[in-house]
Amino acid sequence: VAALAVIVGAVGCVIGSVLPWSEMSSANETRTFNGIVVGDGRLVLVLAVLLGVVGAARLARRPIGGRTADILVARLVAIMIVVIAGLDRAYGPPTLASFRAISADVISIHPQNGIMFTLGSGILALIGAVLLQPRTAPSGGGGRR
């Protein structure tokens, strides 16, 4: 179940990264940007693909890198996705936030559905990554004495 949550969260992050992330408004113009255009969505997309690979390997019972290395990677990547999406939600993507700073707050940045979808999916992936368990050594007979 934990690996499935990681995979679903990763797929949600991929979808969210191409959805509208931010809307930039001034007195006479409004533009909407998806995650891929403003930059952080590209990083989230790459991290989500990595997270999906780790989750799929766990689901197939073929962990990558030994007993716990993939769990550590999944947790770190999921944390990075949540932090990136959370900061972009709070302050706007850095490329757009710089416009707001230069304009002395005449330009406003509003989060859109894609960033919220990415943040929620990242949280789901993080919960799944935290619940992942290290692979146990096979037990039972069959060994020589």
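Patches are made of residues with over 30% relative accessible area and no salt bridge, where like charges are joined within 9 Å and nonpolar side chains (Val, Leu, Ile, Met, Phe, Trp, Tyr) within 5 Å. A salt bridge is a side-chain nitrogen of Lys or Arg within 4 Å of a carboxyl oxygen of Asp or Glu. Accessible areas come from the Shrake-Rupley method with a 1.4 Å probe, and for residues only the protein chains shown count as cover.

This is a predicted model: local features need pLDDT of at least 70, side-chain atom pairs count only at pLDDT 80 or more, and totals for chains, interfaces and linings use all residues. Residues are numbered from 1 along each chain as its sequence is written, and side-chain values use heavy atoms, without hydrogens and water.

**View 1. A nonpolar surface patch.** L72, L76, I79, V83, L87 and Y91 make a nonpolar surface patch of about 590 Å². I79 lies in helix 4 (helices are DSSP runs of H or I, at least four residues; strands are runs of E, at least two; both are numbered from the N terminus). I79 counts as partly exposed because its relative accessibility is 41% (buried is under 20%, exposed over 50%, partly exposed in between; 1.4 Å probe, protein chains only).

**View 2. The largest nonpolar core.** This core has 27 residues (buried Ala, Val, Leu, Ile, Met, Phe, Trp, Tyr and Cys, joined through side-chain atoms within 4.5 Å). Helix 4 gives the most, with 6 residues.

**View 3. Around I81.** I81 touches C13, V44, L47, A48, L51, T118 and G122, not counting residues up to four places away in sequence (contact means heavy atoms within 4.5 Å).

**View 4. Around T118.** T118 lies in helix 6. T118 counts as buried because its relative accessibility is 0%. Not counting residues up to four places away in sequence, T118 touches several residues, including W21, V44 and A85.
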